[in-house]
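Me: Hi! I'd like to go through this one with you, starting with the overall picture and then a few spots. Can you take a look?

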Amino acid sequence: MTHAATHATGQPAAHAAVPATEAAVPAAPPVAARGAARTAPLTVLARGLRRHVPARLLPVLAVLALLAYPATPGAEGATPADAASAVLVLTVALRLLREGRDSGGRGESGAGGERGGSAGETGGSRETGGARGATRFRAALTPRAALVLGAPVLALALAALGAADAATGIAGLGRYLQIFVLVPAALLLSLRDARDVRVLAWGLVALALAEGGVGVVQYLTGSGASYMGEDVRAVGTFGPGDVMGMATVVAYGLVAASGLALARTGEAPRLQRPLAALCAAALLVPLALSFSRGAWIATAAVLGLQLLAAGPRRALAVLAAASAAAVVLVGGLGIGSAMLQERLSSITKVTDAPDQSVTDRYTLWAAAADMWREHPVTGVGLKNFPAHRDSHASLALSAGSDTAGAGQDFRVQPLLSPHNMYLLVLGEQGLIGLTALAGSWAALLALGVRRLAGTHRRRAPRRRPLDCGLVACGLLVWQLVDFTYADIGGPATVMTALALGLAAWWGLGARYGEERPGAEGAGSYGAEGDGSYGSGGSAAYEAPGRPVPYATPCSAPHRQPASQPSERRTP
């Protein structure tokens with residue numbers, strides 16, 4: 001034992017007597033290390049989700065995930081997706097209350113903060129992030145947003161007074177408030193920048209791919225809903241009682257994927273456009289197999305408008321590619337069954353030779369219009385259409401819609417709505433209700449289109465991301481067109497609230513440039529200072545203010561050349 005070894009460790013160097021052969025044998029890794037190595041992929045996945053999916057969006061994504069929960073035959077009332085939307089609203093409400101209390105506490109201690117002088121300025125970087133986060137969250141609900149989203153409340157309350165009984169009125173009022181007021185407002189407060197919108201858009205695409213995959217399997221295996229005597233109609237997990245459920249989900253995913261695919265170069269991640277285009281092409285198949293004419297018409301209209309909004313050159317290129325693909329698939333390979341051809345041709349025969357479903361729809365439309373003529377101002381009352389239907393409908397109306405297949409027995413589903421949202425509101429709520437609801441939707445559409453047009457007039461980096469506007473406006477236009485052939489009802493109704501929330505974020509959010517783009521706090525969303533979209537930490541935005549729901553590429557930090565001497569002096 002040498003003196004150096006004893007002096008370095010303070011103990012005798014016992015390892016000096018170990019033979020070289022024993023020292024060369026590597027020690028076995030401990031059990032904890034081996035377990036950590038096995039869970040490394042899960043850890044990496046969890047870290048990736050935490051980085052790209054903020055916690056505030058988890059309730060929204062839970063709504064999408066629970067939409068795929070298989071429907072119970074004949075079940076009525078709230079669905080798991082409705083429960084998740086209630087959790088979303090409750091979470092946002094609690095956060096508003098908490099931040100209001102925190103802002104009140106900061107106001108009382110403001111004098112002490114001013115007396116802090118330079119010490120307060122030095123520690124401001126820690127407390128300012130929380131203060132800005134609270135201000136940013138609450139300021140998203142501007143007076144204009146509260147007016148547009150809250151306009152239908154009084155009209156809905158008035159219509160609820162005319163319901164058949166108090167329980168029916170309260171249930172109808174709660175449903176309308178959930179879809180058209182509360183969930184859209186909660187989504188407006190939850191979304192902050194373009195990254196949040198893209199996360200939600202990809203969630204819609206993922207749900208559409210899952211439901212569409214189930215629908216394609218149903219068509220190929222003959223296990224779908226009954227259509228023209230065969231169980232081939234793709235309905236996904238919604239069942240034959242809600243044939244529009246899968247069509248709505250797939251159409252939403254297709255519109256979202258189309259908007260993401262039309263992003264400008266440099267405004268989105270590199271792989272977003274090719275992946276979104278591939279998903280959009282794949283979703284065309286289940287949409288066709290849904291045999292939903294209303295979904296086809298609305299989707300075709302929105303895709304055309306998205307192409308025009310993206311630019312004429314890109315529109316011509318996409319249309320040329322789509323035409324070539326259609327010629328190859330239909331003409332060359334013979335893809336396209338006789339059922340699809342018959343369904344497409346029936347769109348042009350709705351007046352000359354309508355089928356029974358079209359006849360029932362026309363009869364229900366006439367009944368709703370007749371109800372409005374008798375009660376033009378307030379309508380017949382909320383959820384009173386079924387009670388007044390038989391007294392206003394003609395004998396051409398059938399007893400109900402025959403449903404079967406997809407694992408369910410044959411049953412007749414009663415026709416309890418006119419399958420037209422505008423006529424349903426007009427008949428039950430009169431001119432007051434239609435003016436309030438349709439006025440709110442028209443305001444969202446006008447504000448969204450104005451901001452979408454502004455993306456072409458401004459230059460980077462102050463222009464808004466085009467893909468986010470195409471997704472938000474596209475979903476709103478799709479829903480407004482589909483309201484001509486459908487109304488609220490069924491598990492997929494909560495999708496309407498998500499579309500209105502996205503449109504509210506785009507049209508009613510804070511103006512671009514009023515607050516630094518990024519998430520609250522340093523590095524809470526995206527890598528800090530890595531030049532990614534929506535990353536925080538920019539020193540060019542100091543003053544707190546209202547949130548900006550749009551994020552553009554942040555410029556890379558300036559680096560001095562190696563030959564240039566640094567300004568920092570070492571003592």
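Reply: Happy to. One term before we start: two residues are in contact when they have heavy atoms within 4.5 Å of each other. Keep in mind too that this is a predicted model.

Me: Good. What share of the contacts with a separation of 6 or more comes from residues 24 or more positions apart?

Reply: Those pairs account for 78% of the contacts in the chain that have a separation of 6 or more.

Me: And how many helices and strands are there?

Reply: The chain has 23 helices and 4 strands. Of its 571 residues, 43% are buried.

Me: Let's do some helix packing. At what angle do α5 and α23 cross?

Reply: Two packed helices are described by the angle between their axes and the distance between the axes. Here helix α5 (residues 58-67) and helix α23 (residues 494-508) cross at roughly 150°, and their axes come within 11 Å. Angles over 145 degrees count as roughly antiparallel, so α5 and α23 are roughly antiparallel to each other. Their crossing is left-handed.

Me: Which residues meet there?

Reply: From α5 you have V60, V63, L64 and L67, and they meet V494, M495 and L498 in α23. By class, that contact has 7 nonpolar residues, with no polar and no charged ones.

Me: Nice. How about α11 and α21, at what angle do they cross?

Reply: Helix α11 (residues 152-161) and helix α21 (residues 421-457) cross at roughly 155°, with axes that come within 9 Å. That makes α11 roughly antiparallel to α21. The crossing of α11 past α21 is left-handed.

Me: Who's in that contact? Which residues of α11 and α21 meet?

Reply: On the α11 side, P152, A155, L156, L158 and A159 meet Q429, I432, G433, A436, L437 and S440 of α21. The residues of this contact divide into 8 nonpolar and 3 polar, with no charged ones.

Me: One more pair, then. What's the crossing angle of α13 and α15?

Reply: The axes of α13 and helix α15 (residues 272-289) cross at roughly 35° and come within 9 Å. This crossing is left-handed.

Me: And which residues of α13 and α15 meet?

Reply: In α13 they are R198, W202, V205, A208, L209, G212, V216 and Y219. They meet Q272, L275, A276, C279, A282, L283, V285, P286 and L289 in α15. By class, the contact has 14 nonpolar, 2 polar and 1 charged residues.

Me: While we're at α13, is Q218 buried or exposed?

Reply: Q218, which is in helix α13 (residues 194-221), has a relative accessibility of 8% and counts as buried, because the cut-off is under 20%.

Me: What does Q218 touch?

Reply: Leaving out residues up to four places away in sequence, Q218 touches S223, G224, D231, R233, A234, V235 and G236. Take A234 from that list: Q218 and A234 are 16 residues apart in sequence, and their C-alpha atoms are 5.8 Å apart in space.

Me: Last stop, R361. Where is it, and what does it touch?

Reply: R361 is in helix α19 (residues 356-374), and is partly exposed with a relative accessible area of 28%. Not counting residues up to four places away in sequence, R361 touches P418, H419 and Y485, so H419 from our last topic turns up here again.

Me: How far is R361 from Y485?

Reply: They are 124 residues apart in sequence and 8.6 Å apart in space, C-alpha to C-alpha. A polar atom of the R361 side chain lies 3.4 Å from the backbone oxygen of Y485.

Key. Residues numbered from 1 in each chain as written. Predicted model: local features only at pLDDT ≥ 70, side-chain atom pairs only at ≥ 80, totals over all residues. Heavy atoms only, no water. Helix = DSSP H or I, 4+ residues; strand = E, 2+ residues; numbered from the N terminus. Buried < 20%, exposed > 50% of the residue type's maximum accessible area, 1.4 Å probe, protein only. Polar contact = N/O pair within 3.5 Å; in protein donor to acceptor, adjacent residues only side chain to side chain. Axes fitted to C-alpha atoms, helices over the stretch in contact; angles between N-to-C directions. Parallel < 35°, antiparallel > 145°, perpendicular 65-115°, else oblique. Left-handed = near helix turned anticlockwise from the far one by under 90°. Nonpolar A, V, L, I, M, F, W, Y, C, P; charged D, E, K, R; others polar.
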